[in-house]
Amino acid sequence: MDKKTGNIIKYTLSGILAVVLVWFAFRGVDWQAFWQGLQQTRWTWVALYFVAAVLAIVFRVERWIALMRPLDDQIRRLTVWDALNVGNLVNVVLPGAGEFVRCGYVSSKRMSYDKAFGTIACERLSDVIAVAVVLILALVSKWSSFGPFFVENIWTPMTGRLGGSPAWILVGVLVLLGALVWAVFHFRTRVRLFAKIADRLKGLGTGFASFAKMERKWPFLLSTLGIWAMYVMMMWCTVRALPMLDGLTLVDALFLSAVGNIASVIPVPGGIGAYHYLVALSVQSLYGATWETGILLATLGHEAHAILIIVLGVLSYLRVSLQNRK
């Protein structure tokens, strides 16, 4: 199977999964109640949501620059801004493909494509840690409410589908990857393919290790904190936009933000369906709200973010295209 056919199959299956999840999320919705809730929306809070969302992107730009500076000290903020926006735009349609696209925007003679991708791998690792920290903070804050819901609706289904202990599966995967990496480097002088893979892995490793090369690590750490603080504020603004959820607190927004980010891991275009289902289920189960209210909360936050990503992505793509034409 060639690469093009494999990509077609992968993205087709991803699209089918998105359709199925959307159907599960929106089946049985009382659309009259949904529209009534939408009419009560406080749009000032939606405007503040956009402010927080833009600030999250700004913090992402600063964090990525902090990682890339040891590799290319002449990288420009506008270049990184455009790369992030176009990559986010691609991710809306093809999950994960945007990471490869934005590497092409920032790679140069000083910083190869592999090294740029390594910095993104470092970013993603820090994001995984941040999701875990946000989730733990929320669970510790209100374990009596959040704990049973998380175990029953997220942890148990997730580990049950793995068909065994997640810890042992993770260990097995790591051992297998370690063995493959050892084989590549051990036989690289004998197998031409292994030599090419080894060169790629070295570049990836250099980019991933860029965190250790940073003279000042505080900009990276503070930017990461800013990103996830803005994500929580985005959820808080969405909650405050709906009068029927006035009883929720910032701690509730913290947990809902963590749930939404867990849903975004599911490989469907733009997180469509998975995000809506988990957020709506959380709102209904934890706070006794209607399913329509949960769907409205998820739709408002998800679609507002999608609109922002599309607008910024198109603007950045047009700017780069016009600059290249000149």
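Leu221 is partly exposed, with a relative accessible area of 40%, where partly exposed covers the range between buried (under 20% relative accessible area) and exposed (over 50%), taken with a 1.4 Å probe on protein chains only. Leu221 belongs to helix α11, which spans residues 218–240. In sequence Leu221 is 95 residues from Ser126, while their C-alpha atoms are 9.2 Å apart in space.

## Basis of the model

This is a predicted model, in which local features need pLDDT of at least 70 and side-chain atom pairs count only at pLDDT 80 or more, whereas totals for chains, interfaces and linings use all residues. Residues are numbered from 1 along each chain as its sequence is written, and side-chain values use heavy atoms, with hydrogens and water left out.

## The chain as a whole

The protein chain has 14 helices and zero strands, these elements being DSSP runs numbered from the N terminus (H or I over at least four residues for helices, E over at least two for strands). Of its 326 residues, 41% count as buried. The accessible surface of the protein chain comes to about 17700 Å², with 68% belonging to carbon and sulfur atoms, as computed by the Shrake-Rupley method with a 1.4 Å probe.

Among contacts in the protein chain with a separation of 6 or more, 69% are between residues 24 or more positions apart, a contact meaning heavy atoms within 4.5 Å.

## Packing of α3 with α4

Two packed helices are described by the angle between their axes and the distance between the axes. Helix α3 (residues 43–68) packs with helix α4 (residues 77–93) at an angle of about 120 degrees, the axes being 9 Å apart; such axes are lines fitted to C-alpha atoms over the stretch in contact, and angles run from 0 to 180 degrees between N-to-C directions. On the α3 side the contact includes Ile57, Trp64 and Met68, and on the α4 side it includes Val80, Trp81 and Leu84. The residues of this contact divide into ten nonpolar, one polar and three charged.

## Packing of α5 with α6

The axes of helix α5 (residues 97–106) and helix α6 (residues 113–141) come within 9 Å and cross at roughly 130 degrees. The two helices are therefore oblique to each other, the term for angles that are not under 35 degrees (roughly parallel), over 145 (roughly antiparallel) or 65 to 115 (roughly perpendicular). Residues of α5 including Phe100, Cys103 and Val106 meet residues of α6 including Tyr113, Phe117 and Ile120.

Key:
Nonpolar A, V, L, I, M, F, W, Y, C, P; charged D, E, K, R; others polar.
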